[in-house]
Amino acid sequence: MAGPGGKPWNQITFQHHWRKATIVAGCDGLHFNDLRGTTCTSLSEAGCTPQEIAAMLGWTVQTVNAMLDTYQAMTASLSNNAVAKLEARRAAEKSAGTPVDNFGGSMISA
């Protein structure tokens, strides 16, 4: 990146502009290097396969999987999906008259 005079930014100038931009965007604390992991996670949540993500980001599938292992477990949408699935299962079992234990599992063995 170059400044108005055409000279490349140094690290301090870049950090200053990056921080200013993240504050304006409401993402204070976001680091530049976080963008790759965030993009990888967002693409996965949108339904992209690891192969598609790898092609888009220029990574190997192994790198995509490692990034997802690191970052995807921390997303609110996955947590919300897990709770929604548990609640749906409990509701279905309740309407079917199947007793449910405190952990969401049926108390009737198969």
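Student: What order do the elements of the protein chain run in, from the N terminus on?
Tutor: They run α-α-α-α-α. This is a predicted model, by the way. The secondary structure comes to five helices and zero strands.

Student: How much of the chain counts as buried?
Tutor: Of its 110 residues, 17% count as buried.

Student: And the contacts, how many join residues at least 24 apart?
Tutor: That share is 22%, taken among contacts between residues at least 6 apart in sequence.

Student: OK, packing. At what angle do helix 2 and helix 4 pack?
Tutor: About 90 degrees, with the axes 9 Å apart. Angles of 65 to 115 degrees count as roughly perpendicular, so helix 2 and helix 4 fall in that class.

Student: Which residues meet there?
Tutor: Helix 2 brings Arg-36, Gly-37, Cys-40, Thr-41 and Ser-44. Helix 4 brings Val-64, Met-67, Leu-68 and Tyr-71. By class, this contact of helix 2 with helix 4 has five nonpolar, three polar and one charged residues.

Student: How do the axes of helix 3 and helix 4 cross?
Tutor: At roughly 105 degrees, and they come within 8 Å. Helix 3 is residues 50-57 and helix 4 is residues 61-71. These two are therefore roughly perpendicular to each other as well. Pro-50, Gln-51, Ile-53 and Ala-54 of helix 3 make the contact with Val-61, Val-64 and Asn-65 of helix 4.

Student: What's the split by class for helix 3 with helix 4?
Tutor: Five nonpolar, two polar and no charged residues.

Student: Now the core. Which residues form the largest nonpolar one?
Tutor: There are eight: Cys-40, Leu-43, Ile-53, Ala-54, Trp-59, Val-64, Met-67 and Leu-68.

Student: Take Met-67. What is Met-67 in contact with, leaving aside neighbours within four places in sequence?
Tutor: Arg-36, Gly-37, Cys-40, Trp-59 and Gln-72. Cys-40 and Trp-59 are also members of the largest nonpolar core.

Student: Is Met-74 buried or exposed?
Tutor: Exposed, because its relative accessibility is 58% and the cut-off is over 50%. Met-74 and Thr-41 are 33 residues apart in sequence, yet 9.7 Å apart in space, C-alpha to C-alpha.

Student: Jumping to Thr-22. Where is Thr-22 found?
Tutor: In helix 1, residues 11-24. At 5% relative accessibility, Thr-22 counts as buried. Not counting residues up to four places away in sequence, Thr-22 touches Cys-27, Asp-28 and Leu-30.

Student: Last one, helix 5. What span should its 21 residues have?
Tutor: At 1.5 Å a residue, 30 Å. The end C-alpha atoms of helix 5 are 30 Å apart, which agrees.

Student: And which residue follows helix 5?
Tutor: Gly-97, whose phi is positive, near 80 degrees.

Definitions and conventions:
Residues numbered from 1 in each chain as written. Predicted model: local features only at pLDDT ≥ 70, side-chain atom pairs only at ≥ 80, totals over all residues. Heavy atoms only, no water. Helix = DSSP H or I, 4+ residues; strand = E, 2+ residues; numbered from the N terminus. Expected span 1.5 Å × (residues − 1). Axes fitted to C-alpha atoms, helices over the stretch in contact; angles between N-to-C directions. Parallel < 35°, antiparallel > 145°, perpendicular 65-115°, else oblique. Contact = heavy atoms within 4.5 Å. Nonpolar A, V, L, I, M, F, W, Y, C, P; charged D, E, K, R; others polar. Core = buried A, V, L, I, M, F, W, Y, C linked by side-chain atoms within 4.5 Å. Buried < 20%, exposed > 50% of the residue type's maximum accessible area, 1.4 Å probe, protein only.
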